[in-house]
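Dear colleague,

I am passing on a structure that you have not seen before, together with some notes on it. Please look through it first and then read on.

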Amino acid sequence: MVFSRSAFIARIEEQSDWDVIIIGGGATGLGTAVDAATRGYKTLLLEQSDFAKGTSSRSTKLVHGGVRYLAQGDIALVYEALHERGLLLKNASHLVKDQEFIIPCYSMFSKFKYLIGLKFYDLLAGRSGFKKSSFLSVTKVLEAIPGLKPDGLIGGISYSDGQFDDARLALNLAQTSAEYGGVILNYMKVVGLIKNGNLVSGVEVVDKETDKRYALTAKIVINATGVFVDDILKMDKPAGNPMVRPSQGAHVVLDRSFLKGDSALMIPKTSDGRVLFAVPWHGKVLVGTTDTPLNEHSLEPRPLDEEIDFILNTAGKYLTRTPSKTDILAAFAGLRPLAAPGKNTNSTKEISRSHKLIVSDSGMITITGGKWTTYRRMAMDVVNKAIELGKLQNKACSTQNVKIHGYTPQMDYGDLGLYGADAVEISKLIKENPALAEKLHPDFKYQKAEVIWMVRNEMARTIEDVLSRRMRLLFLDARGALSLAPTVAYIMEVELGKDEQWSALQIHEFSNLVEQYLLHAPKERTSNMKATA
């Protein structure tokens, strides 16, 4: 498999006509690229930034049926998501794992309410590879979550759901599509639609690295841009009504000492009726999320002060150590592309969590809503719709049996485990050049070989691509990510054939980005730090 931006650019310069052009490199777009490529269609995906730059790298890292949706009576959505959860565990076991969650109970009513609800959850899940729910004594709960306050506790309910690395899965989906012949490009911005009469027949796109423009045509164009779907729809019909109402979800990351043990904490009903999770993730604790309706969208949303306060205050009611803003290692927000209601509303509870698919009068298909867990089903629905419209030859979907790139039987690759089967190739790089085993920074496990691999085989183009979505350090420890930036910049400068001016600009831009993930600006700026080989 060749997963190279230069190779893919060469492909679009040789071939301008495609079966399927997908706009958007998040979960849904990449899932659609896998579906289309595995059916044998000539598939092209275009992403304006990096893969999963937006919502798809900012989730609560859960592959789940949605316990809260079960409580709301949306059984069909939960059943569908639980089925997809099982497929992800089967097809991407290097990224998805069975994670125990514990709901603390403070009354007999809550004990039976949650246990009965989760037994139904188990029933809907069937034999999907996840453990079944059970009641735990106070002693067992405190053994599993030593940091939980014991006051008033009468026990807890244990249940299982999936946990994963969202940006890593997005990247692996891109690689999977490429393995089946798909062409996948980041930093390619769609600036206009090509029409044949009144029908959309292609896109005008600009390579953001070179400013070169391309006119590319296809039998079907799919708009899978998440919270940006309305921007593409306006290219087709400027006066159209908005399809999406964004809702912001914020998260904070804390040191693992706040939630000792391997179990996650699930708070089923907060002061305003939300659900809050505290989940072990890559050696830290991820706490979230919120549900705040917004009227605007951006590639880099920021958590609101009230969201941070809500998360910290709610967590503090359950944890023996009450977290404060100074304890936050990173804070980030993502925008959910919820299907907009037909009336004005400021309640996200009135906005559908199910995905929504529309066909414009111009023939363009738009898909939005949904969640990470159901990305495969959303992709299947989109391609099936294109077939139904007569745009594509009828071919069956096979993605329920397609192994995601990196899949490997259960093997221990140590610190390289997140790469799955690619860990073997990274180890080969180190064997060929032992100097690449050197750490990027004494305080972190990451090796120089990983950056080399990301540039050569994962289409990383910037410091942010490496430290945010491939290593995930920006989301785990923003200050720590800042300390690695100069060394990462130097390695990338050599690999990409750039110069010192490029590195300096990269470090400056990444420094500014890091400030958005910290509640307090960093004490020193890495733009004055010297990169080391």
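Is Lys219 buried, partly exposed or exposed? Lys219 counts as partly exposed, because its relative accessibility is 47%, where buried means under 20% relative accessible area, exposed means over 50% and partly exposed lies in between, with a 1.4 Å probe and protein chains only.

Before the rest, a word on the basis of these notes. This is a predicted model, in which local features need pLDDT of at least 70 and side-chain atom pairs count only at pLDDT 80 or more, while totals for chains, interfaces and linings use all residues. Residues are numbered from 1 along each chain as its sequence is written, and side-chain values use heavy atoms, with hydrogens and water left out.

Salt bridges

A salt bridge here is a side-chain nitrogen of Lys or Arg within 4 Å of a carboxyl oxygen of Asp or Glu, and by this rule the count comes to 31. Lys219 takes part in one of them with Asp19, at 3.1 Å from N to O. Since Asp19 lies in strand S1 (residues 17-23) and Lys219 in strand S10 (residues 213-223), the pair ties together parts that are 200 residues apart in sequence; helices (H or I, at least four residues) and strands (E, at least two) are DSSP runs, numbered from the N terminus. Asp19, at 9% relative accessibility, counts as buried.

Another salt bridge joins Arg376 and Glu84, whose closest N and O atoms are 2.9 Å apart. This pair links distant parts of the chain, with Arg376 in helix H10 (residues 375-388) and Glu84 in helix H4 (residues 75-91), 292 residues apart. Arg376 is buried, with a relative accessible area of 8%, and Glu84 counts as buried at 3%.

Helix H13 (residues 463-470) is mostly covered, as eight of its eight residues are buried. Among the elements that cover them are helix H7 (166-179), helix H12 (448-457) and helix H16 (500-517). Glu464, Asp465, Arg469 and Arg470, which are among the buried residues of H13, also belong to a network of salt bridges that includes Asp50, Lys53, Arg58 and Glu300. H13 is followed by Arg472, whose phi is positive, near 70°. The side chain of Arg472 meets that of Asp166 in a salt bridge of 2.8 Å, N to O. Because Arg472 lies in the loop between H13 and H14 and Asp166 in helix H7, this pair ties together parts that are 306 residues apart in sequence. Arg472 counts as buried at 0% relative accessibility, and Asp166 likewise counts as buried at 0%.

Strand S14 (residues 284-288) is largely enclosed by the rest of the structure, because four of its five residues are buried. S14 pairs with strand S11 (residues 244-255) in the antiparallel sense over five bridges, two strands being paired if DSSP finds at least two bridges between them. Five bridges also join S14 to strand S13 (residues 276-281), again antiparallel.

With best regards

Definitions and conventions. Contact means heavy atoms within 4.5 Å.
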